[in-house]
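Let's read a protein model together, one feature at a time.

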Amino acid sequence: MNFIDICLLSVALAMDCFAVSIVCGVLTRRYVLRIILQVGVLFGLFQALMPFAGWLCTRYFSGYIEAVDHWIAFALLVFLGVRMIKESFGDDDECHYDPSRLRTQIVLAVATSIDALAVGISFSCLGYKTVSQLVLPLVVIGLGSFVFAVAGNLLGVRFGKAIQKRLKSELIGGVILIFIGSKILLEHIGWL
């Protein structure tokens, strides 16, 4: 993956953080810097750690699956992308939680970063063999999620629910994941 692909992947993964942060902003209804930064840091941290955990889990199996690794990466990214697109057309559930509580923020950070675990599996399949090779993608993913979480929180406080309905952030993230997965597959079979 080149740097542009990593940035696009970061944006795609950050869409869940963005959507949930908008809801957090809508629910808090006021600018509280501590809460906004805390949500951003937790979301960014978990979005960066989950791909690392996925990579660690599959690191030892990649030698056995090198012949089909591009198909695995394609399937995982398309699966996540389709799921995100499907969720973008679903009903928005009203949340009944307090986003100012640390416990709630950690649960939300874990929940929004589950997709990133599968991305870590695809990193292993794409030839990321050492931790040093993962540093740049993980930092970009973490920073991207931090920025989108802070922006979402601020926008949620400012504009409320109207943003979530108009923007369809999960749809954008899903399309980006499918695009990256397709690009990986096409590069490996020699069409790009």
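Predicted model: local features only at pLDDT ≥ 70, side-chain atom pairs only at ≥ 80, totals over all residues.

Q: What share of the residues counts as buried?
A: Of the 192 residues in the protein, 46% are buried.

Q: And how do I read the contacts along the chain? What part of them comes from residues 24 or more positions apart?
A: Take the contacts with a separation of 6 or more: residues 24 or more positions apart make up 92% of those.

Q: Now the helix pairs. What describes two packed helices?
A: The general idea is two numbers: the angle between the axes and the distance between the axes. Here's a case: helix α1, residues 3-28, packs with helix α4, residues 102-125, at an angle of about 175 degrees, and their axes are 10 Å apart.

Q: Are α1 and α4 roughly parallel or roughly antiparallel?
A: Angles over 145 degrees count as roughly antiparallel, and α1 and α4 therefore fall in that class.

Q: Which residues meet where α1 packs with α4?
A: From α1 you have L9, L13, D16, C17, V20 and C24, and they meet L108, T112, D115, A116, V119 and F123 of α4. By class, the residues of this contact split into 9 nonpolar, 1 polar and 2 charged.

Q: How does α1 pack with helix α5?
A: Helix α5 covers residues 131-159, and its axis is 6 Å from that of α1, at an angle of about 30 degrees. That makes the two helices, α1 and α5, roughly parallel. Their crossing is right-handed.

Q: What about α2 and α4: at what angle do they cross?
A: At roughly 35 degrees, and the axes of α2 and α4 come within 6 Å. The crossing of α2 and α4 is right-handed. In the contact of α2 with α4 you'll find 19 nonpolar, 9 polar and 1 charged residues.

Q: Let's zoom in on single residues. Is I22 buried or exposed?
A: The cut-off for buried is under 20% relative accessible area. I22 is buried, with a value of 1%, and I22 lies in helix α1.

Q: Where is A48 found, and what does A48 touch?
A: A48 is found in helix α2, residues 33-59. With a relative accessible area of 16%, A48 is buried. Not counting residues up to four places away in sequence, A48 touches L138, I141 and G142. With I141, the C-alpha separation is 5.8 Å, although A48 and I141 are 93 residues apart along the chain.

Q: Is K183 buried or exposed?
A: Buried: K183 has a relative accessible area of 18%. K183 lies in helix α7, residues 169-188. Leaving aside neighbours within four places in sequence, K183 is in contact with N2, D5 and L192.

Q: And I184, which residues is I184 in contact with?
A: Again leaving aside neighbours within four places in sequence, I184 is in contact with M1, H70, A73, L77 and L126. I184 also lies in helix α7 and counts as buried at 6% relative accessibility. Look at M1 in particular: I184 and M1 are 183 residues apart in sequence and 8.0 Å apart in space, C-alpha to C-alpha.

Q: Last one, cysteines. How many disulfides does the structure hold?
A: The structure holds 0 disulfides. For the cysteine accessibility, C7 is partly exposed, with a relative accessible area of 28%, while C57 is exposed, at 52%.

Key
Residues numbered from 1 in each chain as written. Heavy atoms only, no water. Axes fitted to C-alpha atoms, helices over the stretch in contact; angles between N-to-C directions. Helix = DSSP H or I, 4+ residues; strand = E, 2+ residues; numbered from the N terminus. Parallel < 35°, antiparallel > 145°, perpendicular 65-115°, else oblique. Contact = heavy atoms within 4.5 Å. Nonpolar A, V, L, I, M, F, W, Y, C, P; charged D, E, K, R; others polar. Left-handed = near helix turned anticlockwise from the far one by under 90°. Disulfide = S-S within 2.5 Å. Buried < 20%, exposed > 50% of the residue type's maximum accessible area, 1.4 Å probe, protein only.
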